[in-house]
Amino acid sequence: MTAFSNLPLQAMLPLGAYDLVELRRAIQRSGQRLLEADCAPCRDGPAVCAAIAAGFALAKPFGADLQVLLACLIELSPGDADPPGFVVLLQHLPECPGYSRQDREALLDVFRDAGDHFFDADVAFRVFYSVNRVSEIPA
């Protein structure tokens, strides 16, 4: 039994409901591949995509094209864990004038679609995310 055994193989979960230190320990024990991006400094879609590309060390640049991001995600290898899988940590997704709730939902839909792809391949794909509500863009 693993720390993730009580979670579905494909899940989109709020990070705030979990202790990040304990979650990291569980990820390490599971052997599943960690994909992590911290979007704290981001204030628009291109910056969020750049943070994801850098954090995930994606080989193919995708700019702000979410369909290309999806293609990059489904090309990733889950490694040798048993069961194989990914744990995605998307921290501090912005909600601000330059990046709306709809923008965030469109991004999360890409991760849901990736989860559907990996479901068909019997690969776990769990996404934990947090939102950073920013009232204005810094000058």
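Buried residues, those under 20% relative accessible area with a 1.4 Å probe and protein chains only, make up 42% of the 139 residues in the chain. The structure is a predicted model, in which local features need pLDDT of at least 70, side-chain atom pairs count only at pLDDT 80 or more, and totals for chains, interfaces and linings use all residues. Residues are numbered from 1 along each chain as its sequence is written, and side-chain values use heavy atoms, leaving out hydrogens and water.

Turning to the overall fold, the chain contains four helices and four strands, assigned as DSSP runs (H or I, at least four residues, for helices; E, at least two, for strands) and numbered from the N terminus. Their order along the sequence is β-α-β-α-α-β-α-β. The C-alpha trace spans about 50 × 30 × 20 Å along its principal axes.

Ala-71 lies in helix H3 (residues 66-74) and counts as partly exposed because its relative accessibility is 26%, between the 20% limit for buried and the 50% limit for exposed. From Ala-71 to Glu-36 there are 35 residues in sequence and 17 Å in space, C-alpha to C-alpha. Asp-122, by contrast, sits in the loop between helix H4 (101-120) and strand E4 (124-133), and its 60% relative accessibility makes Asp-122 exposed, the class over 50%.
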